[in-house]
Amino acid sequence: MVGNFPMQRTLLKFVLGLALLPLAALAADPSLNGRWRLDPARSTALDGWTAADLVIQADGSTVSLRHDMTWHATKVTATNTVDTAHPTDIANFFRIDQRHMAVYARPKETARVQASWIDDGRTLRVEAQVPVETSQGNTTMRLYDEYRLLEDGQELVLIELHSTRDRPLVYHFTKVAAEALK
């Protein structure tokens, strides 16, 4: 055998390291960060809310999805923090439609959530197994969400599929300018 074994081992380790680099290390498109306002005219009905904002903050593999919801004088803020590096358990997993559907996360139970970046970091895919209580009893709802940044970077579409529904829920958001936040 001819060759420089230490150099071959080093090269092999480097190649294996690249091959094993987790896909979670892919970065989010920075345009996703910020406050997004629901466009009710273009979205699935949310009869239980009069206004809704989504605040996204990606930091490394962690992504915070904060929902600021309003119904007249009532204000509700709920945050789901997901990690694209590994599955997480989230207590009181919030869904934008839960008030509208009267289906709530079961108290003292957690949802198992997996998240990943697709489409070169322009789409956050979130899959969750959410223990819920309904008027018919307790069950587990399987959710598949895609937070898709559109080409102009000023629009975001949330597409949500439920194991309990035959049609997707679709919510359109527009970016709130930084000046409007002051």
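**View 1. E146 and R148 form a salt bridge, their closest N and O atoms 2.6 Å apart.** The term salt bridge is used here when a side-chain nitrogen of Lys or Arg lies within 4 Å of a carboxyl oxygen of Asp or Glu. E146 has 9% relative accessibility, so it counts as buried; R148, at 34%, counts as partly exposed. Elsewhere, salt bridges with shared partners tie R35, R37, D53, R66 and D68 into one network. For accessibility, buried means under 20% relative accessible area, exposed means over 50%, and partly exposed is anything in between (1.4 Å probe, protein chains only).

Before you go on, remember that this is a predicted model: local features need pLDDT of at least 70, side-chain atom pairs count only at pLDDT 80 or more, and totals for chains, interfaces and linings use all residues. Residues are numbered from 1 along each chain as its sequence is written, and side-chain values use heavy atoms, with hydrogens and water left out.

**View 2. Here is the whole chain, with two helices and eleven strands.** Reading from the N terminus, the elements go α-β-β-β-β-β-α-β-β-β-β-β-β. Both kinds are DSSP runs numbered from the N terminus: helices are H or I with at least four residues, strands are E with at least two. How much of the chain is buried? Of its 182 residues, 38% count that way. The accessible surface is about 10,800 Å², and carbon and sulfur atoms own 55% of it. That area comes from the Shrake-Rupley method with a 1.4 Å probe; for residues, only the protein chains shown count as cover.

**View 3. R35 and D68 meet in a salt bridge, with 3.0 Å between the closest N and O atoms.** This pair links distant parts of the chain: R35 sits in strand β1 (residues 34-38) and D68 in strand β3 (residues 62-71), 33 residues apart. Both partners are buried, R35 with a relative accessible area of 17% and D68 with 15%. The structure holds ten salt bridges. Another of them joins D39 to R42, with closest N and O atoms 3.5 Å apart; R42 is partly exposed at 40%.

**View 4. Strand β7 (residues 110-118) pairs with β5 in the antiparallel sense over four bridges.** Two strands pair if DSSP finds at least two bridges between them. In this pairing, A91 stands opposite T110 in β7. β7 also pairs with strand β8 (residues 123-134), again antiparallel, over seven bridges, and there A115 stands opposite V126 in β8. The β7 and β8 hairpin has four residues between the strands, and D119 takes a positive phi near 55°. As background, side chains in a regular strand alternate between the two faces of the sheet.

**View 5. T88 belongs to strand β5.** With 15% relative accessibility, T88 counts as buried. Not counting residues up to four places away in sequence, T88 touches T81, V82, D83, A111, R112 and V113. Touching, or contact, means heavy atoms within 4.5 Å.

**View 6. F93 and R95 both turn up in the loop between β5 and α2.** β5 covers 88-91 and α2 covers 98-101. F93 is buried at 4% relative accessibility, and R95 is buried at 0%. Which residue lies 13 residues from F93 in sequence, yet 6.3 Å away C-alpha to C-alpha? That is N80. Leaving aside neighbours within four places in sequence, contacts of F93 include N80, A105 and L143. R95, under the rule of skipping residues up to four places away, touches V103, V132, M141, L143 and H162.

**View 7. L124 and F173 touch the most other members of the largest nonpolar core, a group of 38 residues.** β8 gives the most to this core, with five residues. A nonpolar core is a set of buried Ala, Val, Leu, Ile, Met, Phe, Trp, Tyr and Cys residues joined through side-chain atoms within 4.5 Å. Beyond residues up to four places away in sequence, F173 touches, among others, W36, L38, L54, I96 and L158. In soluble globular proteins, nonpolar side chains tend to be buried together.
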